[in-house]
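Have the viewer open as you read.

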Amino acid sequence: MHLTHELELFPGHKVTQMLFKEVKNAAELRQCAVEGKINGALINPTMLVNPFQVLVAANKAVNSQNNGKMKTRSLYSEIIFNLSPTNNISEAFKRFGCSDGDDSVLVVFIHNEDESQLLADLTARVSGRQVPVEEVSSLTDHAKVKKLYKVTQEEEESGTLLDAVVCRMAAKDVM
Amino acid sequence: MALEKSMAAIPEFLSKAELLKQGAEARVYRARFLGRPTIVKERFRKQYRHPLLDEKLTHRRTVQEVRSVLRCRRAGISVPVVYFVDYSSHSIFLEEIVGSSTVRDHIASSPPSARCEGLEPLAERVGQVLARMHDEDVIHGDLTTSNMLLRCGPEDGVSELFLIDFGLSYISALPEDKGVDLYVLEKAFLSTHPHTEALFQRLLKSYAAASKKSSAVIKKLEEVRLRGRKRSMVG
């Protein structure tokens, strides 16, 4: 159901993603996240194309933290910031963070030990149905993603939407 | 939750990766990154340079390479996807184009007798892709048949042509720069693949037909040929 990947560059750092649908308490979750009670990032899955996108953002966040070069205040806010194609932090939160009215949420957290306890804690908090993370592609709002990332017509024809998104995320600091 | 920090994360990772090539500028590795086959291009420190200058140059080249790749991608040119860039080690993590071979190998392995005719479609495709790239004002800087990959599509599918290694690339609208870019390819092409003048002519014809700004570029190419080596005599 959940997806865990150990970052090759940072052994011991595991990235776990969980996806929930039919979420009833998005507002409460968001509040908990803001207060720091949830040890994870809450992402709006309609802006995601594939779990790989989250991995790319998480890897970059851990790297930035390692180098002392994070642009935001915490590792989790950094992940959300990395998903955004722009450098405006509050805009990133608005678009990629979970909002009060959302009915689905993707949770990502980074840990170095066995995740079962963390999974259980999170599942208890979320009032929704957990589904396999791969299902995130069925929630994607393609039109919104294309517009936000400014994906061109030619790009769509020669590669996948995921390619376009990941490339922009990786190249954000220099464009 | 305290997570251990290590400044040497990437060098550590690369020390265990497979080294493919070592050039004067960078080392190229193959590894698995975020579960995908990846090529890592590491521009290492040059001890012979003044450290400040080295940092500036290396950083600038890394940035230019990433920008050019993204610019090409936006224009619909097949280039590897950039997964991650680390500016402290000047490493670029890109998609490995699996199941591909270089255009160089492709041309070299085709029978010499049928060479020119059989490879015409390829030459036309290359001309079209380069035209697209130059119309986006991207100068590759190191056009050779080793920097072009062909990935076979499904059974009856068309194979995809990729451009790689944008390490010497930059953005320029000048026909001189585009002419020199083509000249570099011409020299590399003819020296690597003897007796393929007709094939290269096909490439140029296809380029001229596909590019909106080609006449000025072809004119410059002819001028550069007369002058000799890679110098553009502008400013």
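## Salt bridges and ground rules

Over all chains, a search of the whole structure finds 29 salt bridges, a salt bridge being a side-chain nitrogen of Lys or Arg within 4 Å of a carboxyl oxygen of Asp or Glu. One of them joins the side chains of A:K71 and A:D173, at 3.7 Å from N to O. This pair links distant parts of the chain, 102 residues apart: A:K71 lies in the loop between helix 2 and helix 3 (75-83) of chain A, and A:D173 in the segment after helix 9 of chain A. Helices (H or I, at least four residues) and strands (E, at least two) are DSSP runs, numbered from the N terminus.

Please keep in mind that this is a predicted model: local features need pLDDT of at least 70, side-chain atom pairs count only at pLDDT 80 or more, and totals for chains, interfaces and linings use all residues. Residues are numbered from 1 along each chain as its sequence is written, chains are lettered from A and ligands numbered from 1 in the order in which they are written, and side-chain values use heavy atoms, with hydrogens and water left out.

## Where the chains meet

How much area do chain A and chain B bury between them? The value is about 3200 Å², with 63% of it on carbon and sulfur atoms; buried area is the accessible area (1.4 Å probe) that two parts lose on being put together, summed over both. Chain A brings 34 residues to the contact and chain B brings 34 residues, where contact means heavy atoms within 4.5 Å.

Between the two chains the count is one salt bridge. In it, B:R132 and A:E154 meet through their side chains at 3.4 Å, N to O. On the side of chain A that touches chain B, helix 2 (51-67), strand 4 (105-111), helix 8 (153-158) and helix 9 each supply at least two residues. Helix 2 of chain A gives the largest share, nine residues.

## The five-stranded sheet of chain B

Chain B holds an open sheet of five strands in the order 1-2-3-5-4, with antiparallel pairing; two strands pair if DSSP finds at least two bridges between them. Strand 1 (18-22) and strand 4 (82-86) of chain B stand at the edges with a single partner strand each, so one side of each is left without a neighbour in the sheet.

Strand 1 and strand 2 (residues 27-33) of chain B pair over four bridges in the antiparallel sense, and B:Q22 has B:R27 in strand 2 as its bridge partner. Helix 9 (residues 161-171) of chain A packs on this sheet, touching strand 3 (36-42) and strand 4 of chain B, and its direction makes about 10 degrees with that of strand 4. Axes are lines fitted to C-alpha atoms, for helices over the stretch in contact, and angles run from 0 to 180 degrees between N-to-C directions.

## A threonine in a loop

A:T46 lies in the loop between strand 3 (41-43) and helix 2 of chain A. The side chains of A:T46 and A:N44 are joined by a polar contact of 2.9 Å.

How values were computed: A polar contact is a pair of N or O atoms within 3.5 Å; within protein, one must be able to donate a hydrogen and the other to accept it, and residues adjacent in sequence count only if both atoms are side-chain atoms.
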